[in-house]
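Visitor: Please take me in for a close look at a single part of this structure, and then show me how the rest is put together around it.

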Amino acid sequence: MGDPFDLIAGWIHETVLIPLLYTLGLMRWEELAGGWALFAVYGAVQVMLTLAICLPLERWRPVEQWPDKTAVGVDIFYTVLSRVGVLPLVTFVLFYQVQVALNGWIVDRGWIPPTLERFIPALTGHSLLTFALYAVILDCADYWRHRVSHRVRWWWALHSVHHAQRQMTFWSDDRNHLLDDLIAFLWFGAVALLIGVPPLQFPILVLVLRFVESLSHANARVSFGSIGERLLVSPRFHRAHHGVRAHGRRSVNYGAVLPWWDMLFGTADFSRDYVPTGDPTGDEALATGSWLAQQRSGLRRLWRALVSDHRAA
Amino acid sequence: MLSPDGKSLLVGDTAGNQMLFLDPATGAVQREVAVSDPYQLGFSPDGKFLVVNGLARNQVDVYDPATMTLIKRFAVASMPSHLAFSPDSHTVFVSLQGSDRLAAFDLTAMAPLWTQPVGPTPAGVLWLNGKVLVADMGADYVAVVDPASGQVTGRIVTGKGAHNLFLSPDKKVLWVNNRVSGTTTALDAATLKVGRSYNIPGGPDDIDFAPDGSLWITRRFVEKVAILHPETGDFETIDVGRSPHGLWLNPKAASP
């Protein structure tokens, strides 16, 4: 019995992608399309797993109940687009290409590409520990990216798409402006290259981290207790980050998976409240508009921030 | 790819930017050599050169196999894929998947000879009876190319997604794997007349020839190798793990 994910991806590749690429005259991308298919399957399974765990939690102990859930529907679209479409594309296809090209350049010069095992030789042969350490380092790097995105006006203009949701659920994790996602990926990918995350592990790392992030957005009265809250970001902990009075520079709890960085750098808020979410400074389109309306509104807000910054300078 | 002295089996590790030298008898790793983007590789018939195509980095590298020293790098556009040598070892032909062309390089002068269009997404390349054959993965044919000029002199329809081609050990049959149609086609090597096609679904890729006359064929998308018996058309399969690509049998059918 083979790897079921790989076999499903192979079936998609053979029956859908290859005939399509052949018809479109794009067979040169055939191998990369196969890689995309595999990680798209991983993404789809991750979405189903997230659904299976988070949906019962939200039904069991909801923080809020809404008669009209149209805004949640848009977040579902974000999630499917991101995890099945875009994430596999950038985390495997793009990362793989960049890593092969960059490391080839490094090897050409007689150097050895950087890896975590070279920095910490004791990790050699301990692949699970190394994988966990990759996750910790990437999560720390993401804390700082996230924190800066709240400080810089034009960046916050983009990131406010994520914060505008008043009906926050586990689907809201992927609700991001495309440019914000692009910056986040470039930053995440650069750090991953620096510490030598293997190309086939990178998409898996992203999916594991994003699973915890989805859970942290759940509309559920769930906390992990006074010790657990300090080990892993909980729905309650992350809800404080999305609070209506915590938008922009005033926010707290920037950590995506581990609360350690907030505790270490003085931005943690372990209060017990389950606060309402949203960004009262944003356009209504950001909160309740369609996917396209949210993207457009984010761009408009970005433009206004850039013009305002330019005038101030 | 077996080294000319038969002592090492070379495996390109593209993601790791290294070449693995394995013991052909046991599979044990003999050594690892840093090599930039080794996608496909081949030894010249006289054993003097090892040519390594870097598909992601758009480079064709010529190494001295004795020392693994880089002798020459040719920058190409784009996606150098498969390669074949002329029997006198003077020329190497490289398919450029990203630009629908075949490139020829003079290994004596270490200079490019020509780059010519040969059809959409060229992949496998083979020298046969004074001609260069190129499998066009974006089409359903094998292009016949004049090695001196690079001009296409003929096209032989084999199946959609013609991907790779192999000459049987007795040099009588040319086998072509067609990735889109999921078939393996036998051609008369002397006349290039198309013979029987066999259904080998699952992305047929590489072939090697067993002493009992069967063909071992990697099936990229289904984690299997097919063992095809050409006389009956039957094949059995072996589960081998994710994305089987290159194949090397030991022992294999001997050339007469």
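How many of the 15 residues of α8(A) are buried, and what follows for its place in the structure?

Guide: Happy to. This is a predicted model, where local features need pLDDT of at least 70 and side-chain atom pairs count only at pLDDT 80 or more, while totals for chains, interfaces and linings use all residues. Residues are numbered from 1 along each chain as its sequence is written, with chains lettered from A and ligands numbered from 1 in the order in which they are written.

Now to your helix (helices are DSSP runs of H or I, at least four residues, and strands are runs of E, at least two, numbered from the N terminus). Eleven of the 15 residues of α8(A) are buried, so the helix is largely enclosed by the rest of the structure. Buried here means 20 or more other C-beta atoms within 10 Å of a residue's own, against 12 or fewer for exposed and partly exposed in between, with C-beta atoms placed from the backbone. Among the buried ones are Phe202(A), Leu205(A), Phe211(A) and Leu215(A), along with Arg210(A) and Glu213(A).

What surrounds it? The buried residues of α8(A) pack against α2, α3 (70-108), α5 (127-151), α7 (178-194) and α10 (235-241) of chain A; contact means C-beta atoms, placed from the backbone, within 7 Å.

Two of those neighbours lead further out.

Of its 95 residues, Phe93(B), Val134(B), Val142(B) and Leu165(B) touch the most other members. Helix α2 (residues 30-60) of chain A provides the largest share, eight residues. Domain 1 (1-157) and domain 2 (168-256) of chain B both contribute too, so this core lies between them; the bounds come from an automatic or database domain assignment. Leaving aside neighbours within four places in sequence, Val142(B) is in contact with residues including Val134(B), Ile156(B), Leu165(B) and Val176(B). Apart from this core lies another, of eleven residues, among them Ala71(A) and Trp156(A).

Note on methods
Core = buried A, V, L, I, M, F, W, Y, C linked by C-beta atoms within 7 Å. Contact = placed C-beta atoms within 7 Å.
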